[in-house]
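Student: I have a model open and want to go through it piece by piece. Can you take my questions as they come?

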Amino acid sequence: MNLQQDICAAFCDSLIVRQVPIGFAISTPVTWFSGDTISFYARVEGRRARLEDSGSLLFDLEGQGVDLSSENRREILSGLLSDHGASLSEDDGLFCTDWVPTEELASLVLPFLTFLARIQDLLFLNREIVRSTFKEDLISALEDTFSEASVSLSEALIPALPHYIVDIVVRAASGRIAAVFPATNDASVLRAVIFSMELQKHDVQGVIPFLVYENLDKGAITQQSREIAINSDLTQAIWSGGSAEVMQKVSRNVQ
């Protein structure tokens with residue numbers, strides 16, 4: 001028994017390389033999240049060549065809700081690209097390697113295939129990382145939108161109630177204040193509801209409470225909490241419906 005030969009044979013027998021107009025199409029036994037096998041191309045131009053994906057990979061990821069405009073996700077992608085000697089061609093949305101002499105191309109195949117397999121990690125970020133990313137993205141957008149205002153974090157706005165902490169506070173030039181709660185779980189939703197009730201109870205003027213959902217994923221927040229929030233005086237918005245529209249909604253209410 002020669003395990004190395006057996007492994008090589010099992011892998012290579014499932015590897016299909018065929019000639020196409022741009023060079024070669026390479027089909028591998030490694031599967032994509034959809035269940036299809038991962039395929040890519042070797043583009044050959046004279047004596048130089050590079051590896052590139054089929055052109056649908058970026059579209060597939062974005063279709064599954066991966067937002068590569070997010071700073072955190074962009075950093076994760078940059079790390080994967082750097083680790084595997086790949087890059088993203090912004091012009092055509094292709095993941096590819098550098099151009100190398102054709103005789104060196106074979107050495108790039110395994111690192112590039114590893115990259116294509118690992119990029120699926122962007123789909124499977126655990127919920128805590130996703131929540132953290134959403135909150136950071138929301139803070140960043142508020143800071144950009146209200147560049148002339150004061151944006152602070154984790155602040156008690158009602159002196160008589162120091163334990164009622166607002167996640168994000170935006171003090172606009174008008175003097176009005178946006179108290180923004182990212183809806184990351186049931187507890188955050190209910191904190192926002194209770195805070196809005198305390199504003200009414202203490203007759204606090206000029207403070208507008210906002211509850212911003214990342215999306216309508218029912219797995220993160222229960223239907224009961226959503227219903228309680230809908231029936232409250234909170235101004236609500238959904239990040240996945242358009243971050244620019246969320247910023248416009250906050251701006252209109254604090255002008």
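Student: Which element gives the most to the lining of the second largest pocket?
Tutor: Strand E3 does, with 5 residues. This is a predicted model, in which local features need pLDDT of at least 70, side-chain atom pairs count only at pLDDT 80 or more, and totals for chains, interfaces and linings use all residues. Residues are numbered from 1 along each chain as its sequence is written, and side-chain values use heavy atoms, with hydrogens and water left out.

Student: What counts as a pocket, a lining residue or a strand here?
Tutor: On a 1 Å grid over the protein atoms alone, a pocket is an open set of points where a 1.4 Å probe fits, with protein on both sides within 12 Å along at least five of seven lines; lining residues have an atom within 4 Å of a point. Strands (E, at least two residues) and helices (H or I, at least four) are DSSP runs, numbered from the N terminus.

Student: How many residues line the second largest pocket, and which lie nearest its centre?
Tutor: The lining has 18 residues, and Thr37, Ile38, Ser39, Phe40 and Ser54 lie nearest the centre. The elements giving two or more residues to that lining are E1, strand E2 (23–31), strand E3 (37–45) and helix H2 (57–63).

Student: What about volume and residue classes?
Tutor: The volume of the second largest pocket is about 260 Å³, taken as the space filled by probe spheres set on the points, which are joined across faces, edges and corners. Its lining has 8 nonpolar, 6 polar and 4 charged residues. Ala, Val, Leu, Ile, Met, Phe, Trp, Tyr, Cys and Pro count as nonpolar, Asp, Glu, Lys and Arg as charged, and the others, Gly among them, as polar.

Student: Switching to charges. How many salt bridges are there?
Tutor: A search of the whole structure gives 5. A salt bridge here is a side-chain nitrogen of Lys or Arg within 4 Å of a carboxyl oxygen of Asp or Glu.

Student: Which residue does arginine 171 pair with?
Tutor: Glutamate 155, with the closest N and O atoms 2.5 Å apart. Arginine 171 is in strand E9 (residues 165–171) and glutamate 155 in strand E8 (residues 150–156), so the pair ties together parts that are 16 residues apart in sequence.

Student: And which residues are joined into a network?
Tutor: Arg43, Arg50 and Glu52, through salt bridges that share partners. In one of the bridges, the side chains of arginine 43 and glutamate 52 meet at 2.9 Å, N to O.

Student: Is glutamate 52 buried or exposed?
Tutor: Buried, at 3% relative accessibility. Buried means under 20% relative accessible area, exposed over 50%, and partly exposed in between (1.4 Å probe, protein chains only).

Student: Backbone next. Where is phi positive in a residue other than glycine?
Tutor: Serine 154 has phi near 50°, and that serine is in strand E8. Aspartate 203 also has phi near 50°, in the loop between helix H6 (186–201) and strand E11 (207–213). Aspartate 203 counts as exposed, at 54% relative accessibility.

Student: Now strand E6. Is leucine 94 buried or exposed?
Tutor: Leucine 94, in strand E6 (residues 94–97), is buried at 10%. Its C-alpha atom is separated by 5.4 Å from that of glycine 55, 39 residues apart along the chain.

Student: And threonine 97?
Tutor: Threonine 97 is also in strand E6 and is buried, with a relative accessible area of 4%. The C-alpha atoms of threonine 97 and alanine 42 are separated by 9.7 Å, with the two residues 55 apart along the chain.
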